[in-house]
Amino acid sequence: MPSSSAIERKLKREIAARKAAEALLEQKSLELFNANQQLEVALKQTEARSEASFKRLEFQQKIERILIHFGRIFLRANLDDVLVVDLVNQLSEVTDDVACAIALPSELLPAVTQSHYQTPKYTQLIVAEGCTTSCISIELEQKVIGKLELSVIETTFDMDFVNSQMSLVCELLASSINRQVINQRLVESKERAEASERSTREFLAMINHELRTPLNGLLGSVELLADTGLSDAQKDLHHNLSQSGQLLRSIINDLLDFSKIDAGMLELIESKFSWSTLESTLKSIFEHKAQEKQIGFKIETQNLDSQQIKGDLERITQIFVNLIGNAIKFTDKGDVSVRVENSVSGLQVSVTDTGIGISESAQKKLFQPFTQADRSSSRNYEGTGLGLAICRRLVELMGGNISLESELGVGTTFHVFLPLKTELIETKTEAVQADDTQSLDFSALKILVVDDIKMNQVIITKMLSKLGISPDLAVNGLEAVEHASHQQYDIIFMDCRMPVMDGFEATKRLRSAKYLKPIVALTAGTTTEERQNCYDVGMDDILSKPYTAKDLTQTLAKWGPNWGLEAI
């Protein structure tokens, strides 16, 4: 049997072993507790980070939806108070921990009346504990024009993250404001352009009237003077006066036409005419000038017999007059020849002279306005330098082209293509019709002339008296209405611009009163708009100033009661 000492030793060993085991268990329990504590902390940190990420993602998605929503609205509508307030409210409702205010420039945005937009939440959040404020600029053309103010609880959101998201809102606002400012500038530019165009039209109409009206008196007096008994010396003076008047007419026409072309106001007025009509005009203008310079002048045509041309006779004549006039002016010996060939595509025109020629350097600038080959103060040939520039503009307006060949000391040839249509003449030509007026008796016509300028009254009265007509006179539209209400006239010649009542208003009143006889406008206006205005108020035709006795006679023949030209 074991001794007691052995038992005690064994017991002590067991006690010691138990204590060691308890100590080890206590140590392991402590380590496990600490590990659990660390795990719990880590778990809470992970949860916190996940919640923060979720809130950031949610915040970002809400901002994106707001950007898309207002981006679509801003494309359709301009910024105004309602839209800005709605935007501020929606931004402040994204989360409880963020609020904003927006400041915009009311001077740039007519529909924005306030300078600062904010919600009560923004004011409350600014004074809250842990709140941080920030400001993001709204820029336009590299200038700060507004701002977006932020108040953020940083324990919830990082300020850099909120700023990055809200800066997208600022970009959207800047883009909308920029679009609105650009549109506003475009509207203002358009209004200025329209106002400038109106001023240009009004100025051209005014200057056209003011220049052509006295020119009508000058040229009309010269034409009437030719039928009086003149001595040889007076005939020379009359010739000089006539030449100077025609030169002045040409210069005024060039200046006014170029101004109208440059302003986009000149439009083509198409009609049908025979080549013989145009050729007769050209010969009457240039045959005498060529004889004076002792040079030859001829016009040759091909495939134009029995054909009528469709185009603007006045402007086509102007092209020929400028080209032929230049050719004769710069030719001192030899001849000037004009050749016109009719083809399927249009008219091929060449004007050839044996004059001084044009250098290659001068040719490059020849079609520019106010340009001449010789620009020195001692040059031998006068002129505005507008003729060829107008020719090119008119040719291009008709869809054609113009070019030249030239050699110094040999001569020059201008080539012009005009895509004009021609057709076979089925009735009497205009030339025959014009001749028919010589056999007509106009003395029975009852005519009323309405014009406020004494000189114009004298001119047209004397022109009519040569046809056996003694017209009644009125100095304004009101007198014209009174005359026509008591007397039936075969034709009324109505000036357009007059005091008291102009010709437009007078014509409207006469037509309203069922006055049916022809009313012919006497006007210096040459634009399509001015001419159309005459027809719109009820006028039947236009006699443009300055007019000749031939123009007046043809108008009488056209609108006479029983034998208008159209019926011949």
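Me: What share of the contacts in the chain with a separation of 6 or more comes from residues 24 or more positions apart, and what makes a pair a contact?
Reply: This is a predicted model, and in it the share is 69%. A pair counts as a contact when heavy atoms lie within 4.5 Å.

Me: How many residues does the chain have, and what part of them is buried?
Reply: The chain has 568 residues, of which 40% are buried. That label requires a relative accessible area under 20%.

Me: Which residues of helix α9 are called buried, and why?
Reply: In α9, residues 387–397, they are G387, L388, A389, I390, C391, L394 and V395. They are called buried because each has a relative accessible area under 20%.

Me: What covers the buried residues of α9?
Reply: The cover includes α5 (232–262) and α7 (313–329), together with β10 (401–407) and β11 (411–418).

Me: How do you know how confident the predictor is in the chain?
Reply: pLDDT gives the predictor's confidence in each residue, from 0 to 100. Its mean over the chain is 83, and 90% of the residues reach 70 or more.

Me: Where does pLDDT stay under 50?
Reply: Residues 373–383 are one such stretch, with 14 contacts beyond four places in sequence in the model. Residues 564–568 are another, with 10 such contacts.

How values were computed
Residues are numbered from 1 along each chain as its sequence is written. This is a predicted model: local features need pLDDT of at least 70, side-chain atom pairs count only at pLDDT 80 or more; totals for chains, interfaces and linings use all residues. Side-chain values use heavy atoms; hydrogens and water are left out. Buried means under 20% relative accessible area, exposed over 50%, partly exposed in between (1.4 Å probe, protein chains only). Helices (H or I, at least four residues) and strands (E, at least two) are DSSP runs, numbered from the N terminus.
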